Amino acid sequence: VPSNLQCLCGACHRLKTEHPEQAIREGFAVPRWARPELWPAYRHDVGWVIYDDNGGWQEITESTAEFIMTSGGRPG
């Protein structure tokens with residue numbers, strides 16, 4: 001789905017490949033169990049965002065991203 005796509009520079013892609021848990025914490029990957037359209041991503045040009053399936057995004061605060069990633073994004 002479009003919300004699961006994020007352009008990454010070489011260094012961020014390497015991080016995602018070699019250290020997937022760190023990449024998730026830093027906003028460069030989505031956990032397998034999470035819904036991409038609800039999971040925070042980090043854009044170097046904007047900050048924390050939530051991608052949508054129309055090719056756009058909504059900016060969110062760092063504290064909102066942290067909340068989603070530590071508790072709000074987990075199922076059940």
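Me: Let's start with the pocket. Which residues lie nearest the centre of the largest pocket?
Reply: Rolling a probe the size of a water molecule over the atoms shows where empty space is left. This is a predicted model. In it, 18 residues line the largest pocket. Those nearest its centre are Asn-4, Lys-16, Phe-28, Ala-29 and Val-30.

Me: How much space lies in the largest pocket?
Reply: About 270 Å³.

Me: Which helices and strands each supply at least two residues of the lining?
Reply: Look at helix 1 (10-18), helix 2 (20-25) and strand 1 (40-43). Each supplies at least two residues of the lining of the largest pocket.

Me: What classes of residue make up the lining?
Reply: Sort the residues into nonpolar, polar and charged. The lining has 12 nonpolar residues, five polar and one charged.

Me: Now the fold. How many helices and strands does the protein have?
Reply: Three helices and three strands. Next, read along the sequence. The pattern is α-α-β-β-β-α. The radius of gyration is 12 Å, close to the 11 Å that the globule rule gives for 76 residues, so the protein is as compact as a globular protein of that length.

Me: What does the C-alpha trace span along its principal axes?
Reply: About 30 × 25 × 25 Å.

Me: What share of the residues is buried?
Reply: Buried residues make up 32% of the 76 residues. Contacts can be sorted by separation too.

Me: Which side chain does the side chain of Ser-3 join in a polar contact?
Reply: That of Asp-53, at 2.7 Å. A polar atom of the Ser-3 side chain also lies 3.4 Å from the backbone nitrogen of Glu-37.

Me: Which residues does Ser-3 touch, not counting those up to four places away in sequence?
Reply: Pro-36, Glu-37, Tyr-51, Asp-52 and Asp-53.

Me: Where does Ala-65 lie?
Reply: In helix 3, residues 62-72. Apply the accessibility test again. Ala-65 has 0% relative accessibility, so Ala-65 counts as buried. Leave out residues up to four places away in sequence, and Ala-65 touches Pro-40, Trp-48 and Ile-60.

Me: How far apart are Ala-65 and Ile-50 in space?
Reply: Compare sequence with space. Ala-65 and Ile-50 are 15 residues apart in sequence. From C-alpha to C-alpha, they are 8.7 Å apart.

Me: Where does Arg-43 lie, and which residues does Arg-43 touch?
Reply: Arg-43 lies in strand 1. Not counting residues up to four places away in sequence, Arg-43 touches Val-49, Tyr-51 and Trp-57. The side chains of Arg-43 and Asp-45 are joined by a polar contact of 3.0 Å.

Me: One last residue. How does Pro-20 count by relative accessibility?
Reply: Pro-20 is in helix 2. Pro-20 has 43% relative accessibility, so Pro-20 counts as partly exposed. Now pair Pro-20 with Pro-31. They are 11 residues apart in sequence and 8.8 Å apart in space, C-alpha to C-alpha.

Note on methods. Residues are numbered from 1 along each chain as its sequence is written. This is a predicted model: local features need pLDDT of at least 70, side-chain atom pairs count only at pLDDT 80 or more; totals for chains, interfaces and linings use all residues. Side-chain values use heavy atoms; hydrogens and water are left out. On a 1 Å grid over the protein atoms alone, a cavity is a set of points where a 1.4 Å probe fits but cannot get out, and a pocket is an open set with protein on both sides within 12 Å along at least five of seven lines; lining residues have an atom within 4 Å of a point. Grid points are joined across faces, edges and corners, and a volume is the space filled by probe spheres set on the points. Helices (H or I, at least four residues) and strands (E, at least two) are DSSP runs, numbered from the N terminus. Ala, Val, Leu, Ile, Met, Phe, Trp, Tyr, Cys and Pro count as nonpolar, Asp, Glu, Lys and Arg as charged, and the others, Gly among them, as polar. A polar contact is a pair of N or O atoms within 3.5 Å; within protein, one must be able to donate a hydrogen and the other to accept it, and residues adjacent in sequence count only if both atoms are side-chain atoms. Contact means heavy atoms within 4.5 Å. The radius of gyration is taken over C-alpha atoms; the globule rule is 2.2 Å times the number of residues to the power 0.38. Buried means under 20% relative accessible area, exposed over 50%, partly exposed in between (1.4 Å probe, protein chains only).
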